[in-house]
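Trainee: I have a new structure to look at. Can you walk me through the helix packing and the charged pairs?
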Amino acid sequence: MGSSSRSRPVTLLLLLSTVYVLLSLRPSVFLNRVCIAGQDWTASSFGHDGMPKYTTTWIPLTRASPTNSCLYVIPCSHDPGYHQGDKGKNPLSTILKEPESFQYIRALPCPAGSLIQFSHRLLHWGSAAGEGSLRRGLGEDPRLAISFASSREDFEDPYFSRTNLPYPQLDLRMALIAGLSIMYSQNEDPGKERISVYHDCFQACEDQMSEKFKKVVNTIYDAY
């Protein structure tokens with residue numbers, strides 16, 4: 001990742017930035033990887049059997065409840081664009097266009113160490129924590145969670161060559177995190193300084209990334 005004097009502060013800042021995003025409790029509505037850089041890939045992201053080609057696995061490290069921010073979702077049965085996409089429309093404005101539509105929202109509370117797996121298209125978000133609920137002794141601990149995604153290769157190529165597996169070098173891992181953080185900026189604004197750090201780190205190993213991944217990351221960064 002370049003010289004040691006450059007790599008250490010970049011890596012430290014990136015790690016701190018990633019922890020910041022992980023601990024953030026601000027609610028955002030997510031659609032995973034079906035609309036990136038203005039392209040809606042929903043229709044091509046399901047197999048002929050209706051199974052998704054891209055999934056997310058979400059694991060709470062602490063108890064997740066409506067009080068400290070569990071996941072909320074809109075079931076596919078109430079999402080008109082679930083399989084075919086939204087054709088340029090805001091999915092929430094289509095799904096929640098009537099007052100009674102809000103009754104279809106589902107909370108997914110779960111204990112620490114459990115697992116929720118869902119398709120890329122499922123509209124989901126984490127709620128804001130309850131007022132005063134996270135103060136020590138007066139309520140629940142802050143909710144912490146990790147997530148990772150899995151994709152079929154006929155939907156999305158691996159981001160770097162399999163020859164780097166099973167244990168990619170640290171600089172390549174950090175570049176991957178940086179690129180994904182830039183993509184995630186469409187959901188969570190990192191600010192100009194942080195996204196610049198991400199891009200510097202990504203460029204250090206850009207030549208080892210797939211052409212499609214590079215194009216997506218750089219397109220989002222250039223448009224920021």
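Mentor: One term before we start: a crossing is left-handed if the near helix is turned anticlockwise from the far one by less than a right angle, and right-handed if clockwise. Also keep in mind that this is a predicted model.

Trainee: Fine. Which way does α4 cross α5, left-handed or right-handed?
Mentor: The crossing of α4 over α5 is left-handed.

Trainee: At what angle do the axes of α4 and α5 cross?
Mentor: At roughly 155 degrees, with the axes coming within 11 Å. Helix α4 covers residues 192-204 and helix α5 covers residues 211-223. Angles over 145 degrees count as roughly antiparallel, so that is the term for α4 and α5.

Trainee: Which residues meet there, between α4 and α5?
Mentor: From α4, Ile 195, Ser 196, His 199 and Phe 202. They meet Phe 213, Lys 214, Val 217, Asn 218 and Tyr 221 of α5. By class, the contact of α4 with α5 has 5 nonpolar, 3 polar and 1 charged residues.

Trainee: And Lys 192, which helix is that in?
Mentor: Lys 192 belongs to helix α4. Its relative accessibility is 70%, so Lys 192 counts as exposed. From Lys 192 to Tyr 221 the C-alpha to C-alpha distance is 10.0 Å, and the two are 29 residues apart in sequence.

Trainee: Now α3 and α5. How do their axes cross?
Mentor: The axes of α3 and α5 cross at roughly 50 degrees and come within 9 Å. That angle makes α3 oblique to α5. The crossing of α3 over α5 is left-handed.

Trainee: Which residues make the contact of α3 with α5?
Mentor: On α3, Leu 176, Gly 179, Leu 180, Ile 182 and Met 183. On α5, Phe 213, Val 216, Val 217, Ile 220 and Tyr 221. This contact of α3 with α5 consists of 9 nonpolar and 1 polar residues, with no charged ones.

Trainee: Switching to charges. How many salt bridges are there?
Mentor: The structure has 6 salt bridges. One of them joins the side chains of Lys 53 and Asp 154, at 3.7 Å from N to O. Lys 53 is in the loop between β3 (39-40) and β4 (54-60), and Asp 154 is in the loop between β9 (145-151) and α3 (170-184), so this pair ties together parts 101 residues apart in sequence.

Trainee: Is Lys 53 buried or exposed?
Mentor: Buried: the relative accessible area of Lys 53 is 14%, and the cut-off for buried is under 20%.

Trainee: Which residues are in a network with Lys 53?
Mentor: Arg 152 and Asp 154 are linked with Lys 53 in a network of salt bridges.

Trainee: What about Arg 121, what does that pair with?
Mentor: Arg 121 makes a salt bridge with Asp 79, at 3.0 Å from N to O. The pair links distant parts of the chain, 42 residues apart. Arg 121 sits in the loop between β7 (116-119) and β8 (123-126), and Asp 79 in the loop between β5 (71-74) and α2 (91-95). Arg 121 and Asp 79 are both buried.

Trainee: One more. How far apart are the closest N and O atoms of Glu 153 and Arg 162?
Mentor: They are 2.2 Å apart, in another salt bridge. Glu 153 is partly exposed, at 45% relative accessibility, and Arg 162 is exposed, at 52% relative accessible area.

Notes:
Residues are numbered from 1 along each chain as its sequence is written. This is a predicted model: local features need pLDDT of at least 70, side-chain atom pairs count only at pLDDT 80 or more; totals for chains, interfaces and linings use all residues. Side-chain values use heavy atoms; hydrogens and water are left out. A salt bridge is a side-chain nitrogen of Lys or Arg within 4 Å of a carboxyl oxygen of Asp or Glu. Helices (H or I, at least four residues) and strands (E, at least two) are DSSP runs, numbered from the N terminus. Buried means under 20% relative accessible area, exposed over 50%, partly exposed in between (1.4 Å probe, protein chains only). Axes are lines fitted to C-alpha atoms, for helices over the stretch in contact, and angles run from 0 to 180 degrees between N-to-C directions. Angles under 35 degrees count as roughly parallel, over 145 as roughly antiparallel, 65 to 115 as roughly perpendicular and the rest as oblique. Contact means heavy atoms within 4.5 Å. Ala, Val, Leu, Ile, Met, Phe, Trp, Tyr, Cys and Pro count as nonpolar, Asp, Glu, Lys and Arg as charged, and the others, Gly among them, as polar.
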